[in-house]
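Here is a friendly walk through the fold, strand by strand and helix by helix. Keep the viewer open and follow along.

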Amino acid sequence: MRPENVEIKERWKEFYRRYCKNEISKIAQNEKTSLVVNFGEVEKYDPDLADDLVLHPDGIRRAAEDALADFDIAAETSLEHARVRFSNIYPSTKIYELSSDDVNKMVSIEGIVRKSSDAEPKVLEAAFECQRCGNLTNVEQTGKEFTEPHQCRGCERQGPFRLLEDQSDFVDAQKLRVQDISSTEAIDVNIEGDITGSFVPGDRVNVTGVLRAVPDDGKTTFRVFLEGNNVERLGEEDETPPTEFDPEDIEEFVDDAISTVAHLESRNIQHQKELVTRENLVTPFLKALGWNVTNEDVIVEYNGDTDGYVDYQLMCDGTPFVCVEAKSLGTTIADDSNFDTSYDPNAAKQLRRYMRTTGSEYGVLTNGKKYVIYEDVSDDRPEEEILLSVTLGDLAQYTDRLARITPVESS
Ligand SMILES: [Zn+2]
């Protein structure tokens, strides 16, 4: 193993110690056979490792599985065959947007299962018995064709060999055809192991996998498919009602968020992406306001207008109520009244445009450290005024104004 791979393996072990102990103990107790790793947590832990996983998934995932195989657990069970599956790779790509640039990279798509083949055993490692001397030779089956031993491990002759099924390693394999939600584009997804057999046509799914391109037999064109790493059913709508706004939740959020910001800033700030800010600061802020981020009142990536998507569209009785535009922690944001040239005036303009096109009464612009809230103050023509412009540390002093963008106020 090359030195950099040893280092990557150590990075994964440290990640498991910090984030995955409980999940790993479930595998050790035979409750599960694969470890699902939240990609957002990998980004928080080590943005470079997260980037590498997307760009060089084969080596990085193998290092993650090697690290899991030697993870110290107080149990007899071996983690050697446990798979590592990744979830929440963001942003997901539309199937029709997948291009040759994505080949051999890790991507995530959302779609509807149109067809699912039967799950069938696929041999991973075949055990062959030599008919001349009776020795066993194992051959790892990596390619498309079934491979016999080059020569017998015992007598070094070319067989003949007999396959010993009960001593070979098999895995369940299945093919899903997944269609884009908003177009007719579709792609085949090959999956293996414990996730096979659990999806049927009609399921809405999120698929993480590596895009592969193989030559079409006898043609110059390539056939693309996804080597599925993880498939998750997109949840049924969560009917849990939002909770009532409690100003103390904001105080608690501020305390937590201050230490989160310090933690994220102690890492390389240039690498702090919008996703990290969203997962670690903006989503918790919305929860503190009482929004249930998994129900239909909170729509992520809402179609704002022809130019873009609202990061979070908060709804009131099915109607747009608050647009939330998140920027990465490293972005300086300010309201329009700030003429400091370091700020991003486009973010505020974009948000105000979303408010108009969606008909939202309020807009929130935040990078996790600064919170600017706009209110539509005019009846006949759109006109936005700043309701609040405050830094994280002072947020808890304005719970009266924050109460206006909570779900309880909206009903
Ligand atoms: Zn032999």
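Val214 stands opposite Arg223 in β10. Strands count as paired if DSSP finds at least two bridges between them; the strands themselves (E, at least two residues) and the helices (H or I, at least four) are DSSP runs, numbered from the N terminus. Elsewhere in β10, Glu232 is the bridge partner of Asn206. Six residues sit between the strands of the β9 and β10 hairpin, and among them Gly218 has a positive phi near 65 degrees.

A word on the model before going further. It is a predicted one, in which local features need pLDDT of at least 70 and side-chain atom pairs count only at pLDDT 80 or more, while totals for chains, interfaces and linings use all residues. Residue numbers start from 1 along each chain as its sequence is written.

## Neighbours of the hairpin

Strand β9 pairs with β3 in the antiparallel sense through seven bridges, with Gly111 facing Val205.

## The protein as a whole

The protein has nine helices and 16 strands. Of its 411 residues, 33% are buried, where buried means 20 or more other C-beta atoms within 10 Å of the residue's own, exposed means 12 or fewer, and partly exposed is in between, with C-beta atoms placed from the backbone. Among contacts with a separation of 6 or more, 61% are between residues 24 or more positions apart; a contact here means C-beta atoms, placed from the backbone, within 7 Å.

Nonpolar side chains in soluble globular proteins tend to be buried together. In this model, the largest nonpolar core has 43 residues, and Leu289, Leu314, Val322, Val324, Leu351 and Val364 touch the most other members. (A nonpolar core is a set of buried Ala, Val, Leu, Ile, Met, Phe, Trp, Tyr and Cys residues joined through C-beta atoms within 7 Å.) At least two residues each come from α5 (247-266), α6 (274-288), β12 (308-316), β13 (319-326), α7 (345-358), β14 (362-366) and β15 (370-376). The top contributor is α6, with seven residues.

Leu351 touches Cys323, Glu325, Gly363, Leu365 and Tyr374, leaving aside residues up to four places away in sequence. Another core, of 38 residues, lies apart from the largest one and includes Ile8, Val42, Ala50 and Leu211.

## Two helix pairs

How do α5 and α6 lie against each other? Their axes come within 9 Å and cross at roughly 170 degrees; axes are lines fitted to C-alpha atoms, for helices over the stretch in contact, and angles run from 0 to 180 degrees between N-to-C directions. That makes the two helices roughly antiparallel, the class for angles over 145 degrees, whereas under 35 is roughly parallel, 65 to 115 roughly perpendicular and the rest oblique. The contact includes Phe253 and Leu264 of α5, and Leu281 and Phe285 of α6. By class, its residues are nine nonpolar, two polar and two charged. Here Ala, Val, Leu, Ile, Met, Phe, Trp, Tyr, Cys and Pro count as nonpolar, Asp, Glu, Lys and Arg as charged, and the others, Gly among them, as polar.

Helices α3 (residues 47-55) and α4 (residues 57-69) pack with their axes 6 Å apart at an angle of about 120 degrees, and are therefore oblique to each other. Asp52, Leu53 and Val54 of α3 meet Pro57, Ile60 and Arg61 of α4.

## Backbone features in the loops

Most residues other than glycine have a negative phi, and most peptide bonds are trans. Asn88, in the loop between β2 and β3, has a positive phi of about 65 degrees without being a glycine. Is Asn88 buried or exposed? Asn88 is buried, because 20 other C-beta atoms lie within 10 Å.

The loop between β5 and β6 holds Glu156, whose phi is positive, near 60 degrees. Glu156 is exposed, with 11 other C-beta atoms within 10 Å. Pro160 is found in the loop between β5 (136-140) and β6 (161-163), and a cis peptide bond with omega about 5 degrees joins Gly159 to Pro160.

Note on methods:
Two residues are in contact if their C-beta atoms, placed from the backbone, lie within 7 Å.
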